[in-house]
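Me: I would like a close look at one part of this model, with the rest brought in around it. Please keep it brisk.

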Amino acid sequence: MHKVIAKIFWIAAALFLLSGTGLCTPYKIYIFMGETCPVSRHYTLTLKKLHTEYASEKLEFIGIFPNRLSTPATIAAFKEKYALPFTCIGDSTHTWVNRLGATITPEVVVADTSNTAIYRGRIDNTFADLGKRRRVITERDLANVLNSLKDEKTPAFRQTQAIGCIITSWQNAKQE
Amino acid sequence: MRPLSLSILAILLAFASPRAETPTFGKDVSSIIYNNCTSCHRDGEIGPMPLTNYSEIAAYADMIKYVTETQYMPPWKPDYNYSQHIGARTLTKTEINTISNWVNAGFPQGDIALEAPMPEFPTGSVLGTPDLVLTMAEPFTIRGDNVDQYQVFVIPTHLTEDREIEAVEFRPGNRRIVHHALIGADITGTARQRDLETPEEYGYESFGAFGAPTTVVLPGYTPGAKPSIYPKGVGHILPKNSDLLIQVHYAPWPLAESDQSSINIFFKKEPIEREVGFISFAPLTTDGETLSRIFRVLLGEERHGGTPVEKIRIDKLFVIPKDQITTFRTTLFIDRDISLLSIYPHMHLLGKYWEVYATDPQGNRTNLLRIEDWDFNWQGNYTFTQYQKIAAGSQIHAITTYDNTTNNPVNPNYPPRNLTWGDKTTDEMLLVVMEYIPYRQGDENIALTVGRGGEISIDFNGNGQRDFADFLLFIQNFGLNRGDTSYQRHFDLNGDGHINFTDFIIFANQYAE
């Protein structure tokens, strides 16, 4: 009897959790950023606007800082200075970089609950190249993906080339 | 015979250093970065990420490889192989390869005992104690909306007499956001009036230039550039009661930061014999006549005994049709012997290509400037490493190309529109301003160095004489480039980062004196 109650409890708990995550945060918008990368700095305004417009229980924004020298203090300072309204975490060991396949800051990866990417790349086409800033933005890639998700449509996987600072790969670094 | 065998020796010495083993930070890379990047990339400067030690540099290793291979960094727009300008920021092929090989090899730190010393970056004035300091009356706060801002500030000089100027040094108040600055003087009160018309803000917004006539245009500021100093007997005159105008370009920035910049002015110690004048071209009409008159007044050319520009010609009206790439050919006809000191090219966002060169009546060509990939954000006034003699009867040609298609990402109009001359971001310009003085015999041998007073010394061993021992020292250092471990600044007579044939000519001239 005791055991049955426990079983029911655990099943209920598991169901609750599953449906909970399923309902509350089905999609994550991971944004790879560098505290000292000028393109990341530039996009803080755009990200704030996108957050205001789209963030919800179903769409969660998370900032990830993969620079080798990132510390909780540098991340907190960046978050405060540019008033970023979402959670920011460090990733100097590149766990997230490798899992989500990011190579640049800023680069976004939109992923579903199973952490499968449905979009990877630039936020929009402001930068045609380093230092080449469009005066008129013509492609708003991230906003388009977020619009579809808001309308409960899951778009097919898409990838674009992000422009910004290359994330230094430490895999073959020779440290002595 | 002797110079020939010595230059062969020099060439041999320059090629004799073997570079087979893996580069390390300590031995090879630290000196390249510290001497070419750190002036801008350190705390409080415009370079976004500090590059001041191994861990900071290693953390950006792949990016540093990328920006140096693509020659995006260090920022320097003129083609170094076309003509030589003071303060050129370039890496040699060898330096670029060293960085790439180092990154490919996993950016090893190596022996830290071999790490290059950090150059001394002056905290105050580069030139010493100024005679006059003019500061913005109040701080100016940018909007912080990621849009460039171009603001003109009017600062009264309160000079009671005309003063002769040796050097002008712009000191940004906030180096992170000040991208560049133009400096001029207005005696008409026009700028003051414009400032009054916008009482809600300090200064007034003007994209193209000052938005007011200027009697003198003084050397402006770009990050990392050393202030120019006029050689002996040469300089500008800052008129009494004039207002100094500074047009500051604030970089797009996501925060509302503020800036209060100032200008250090150094007066001449000895009188000016040749006042610097300006020649300019800007093709408003095909005959150029109307325009040159306008510009003569605008740039105060009349004050300098009349312009040496006989006429200006442009191959077509200055109209840039949409969806097209358009090239203009402009020619200035020069009626007397002059020496050029510097060149300031100016166009807006459609601009792609610049080439300026002179041809003398015999058909000899002097290259003045080429920019393959014009970038409005990195415009500047380029001082030649030596006076450029332009003989009477010469023509100065400018070839300029504009891309008014959608392939030009910085096109201010989407879809493109027909554009012509104007002050706004959505207008275009074709303007070259050159500083000149009347030519004097021997000008072409004078180096326009960055040292105060324009003096250069070839007494390398400091024994008070220029002798053969100095010559040997020079030859031993020939071929070295800034970034090489044994590079020493005082052998680089024109200060362009390369101890090469140009320096040899300067050396030979000084030696012969």
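Is Asn241(B) buried or exposed, and at what relative accessibility? Take that residue as the part to look at, then work outwards.

Reply: Asn241(B) counts as exposed, because its relative accessibility is 55%, and the cut-off for exposed is over 50%. This is a predicted model.

Start with the backbone. Asn241(B) is not a glycine, yet its phi is positive, at about 60°. Most residues other than glycine have a negative phi. The residue sits in the loop between strand 8 (234–238) and strand 9 (243–250) of chain B.

Move on to strand 9. Asp243(B) lies in this strand, and Arg192(B) lies in helix 6 (residues 190–197) of chain B. Their side chains meet in a salt bridge, 2.7 Å from N to O. The pair therefore ties together parts that are 51 residues apart in sequence. Asp243(B) counts as buried because its relative accessibility is 2%. Arg192(B) is partly exposed, with a relative accessible area of 42%.

Chain B holds another pair of this kind. Asp443(B) and Arg274(B) form a salt bridge at 2.8 Å, N to O. This pair links distant parts of the chain, 169 residues apart. Asp443(B) is in the loop between strand 23 (431–438) and helix 8 (468–477), while Arg274(B) is in strand 12 (residues 274–275). Both residues are buried.

Now the chain as a whole. Chain B has nine helices and 23 strands. Of its 513 residues, 58% count as buried. Among contacts between residues at least 6 apart in sequence, 78% join residues at least 24 apart. The accessible surface of chain B is about 21,100 Å², and 52% of that belongs to carbon and sulfur atoms.

One peptide bond in chain B deserves a note. The bond from Met73(B) to Pro74(B) is cis, with omega near -10°. Pro74(B) is in the loop between helix 4 and helix 5 (93–104) of chain B.

Next, the interface. The contact takes 39 residues from chain B and 34 residues from chain A. Together the two chains bury about 3,100 Å², 59% of it on carbon and sulfur atoms. Nine residue pairs are in polar contact across the interface. Three salt bridges cross the interface. One joins Asp373(B) to Lys132(A), with the closest N and O atoms 3.7 Å apart.

Glu152(A) counts as exposed because its relative accessibility is 58%. Glu152(A) makes a salt bridge with Lys58(A), the closest N and O atoms being 2.8 Å apart. Lys58(A) sits in the loop between helix 2 (38–54) and strand 2 (59–65) of chain A, and the partners are 94 residues apart. Lys58(A) is partly exposed, at 38% relative accessibility.

Thr105(A) and Pro106(A) are joined by a cis peptide bond, with omega about -5°. Arg122(A), Asp141(A) and Arg158(A) are linked in a network of salt bridges. Over all chains, the structure holds 24 salt bridges.

Key
Residues numbered from 1 in each chain as written. Chains lettered and ligands numbered in written order. Predicted model: local features only at pLDDT ≥ 70, side-chain atom pairs only at ≥ 80, totals over all residues. Heavy atoms only, no water. Contact = heavy atoms within 4.5 Å. Buried area = accessible area lost by both parts, 1.4 Å probe. Salt bridge = Lys/Arg side-chain N within 4 Å of Asp/Glu carboxyl O. Polar contact = N/O pair within 3.5 Å; in protein donor to acceptor, adjacent residues only side chain to side chain. Helix = DSSP H or I, 4+ residues; strand = E, 2+ residues; numbered from the N terminus. Buried < 20%, exposed > 50% of the residue type's maximum accessible area, 1.4 Å probe, protein only. Areas by Shrake-Rupley, 256 points an atom, 1.4 Å probe, with all protein chains shown as cover.
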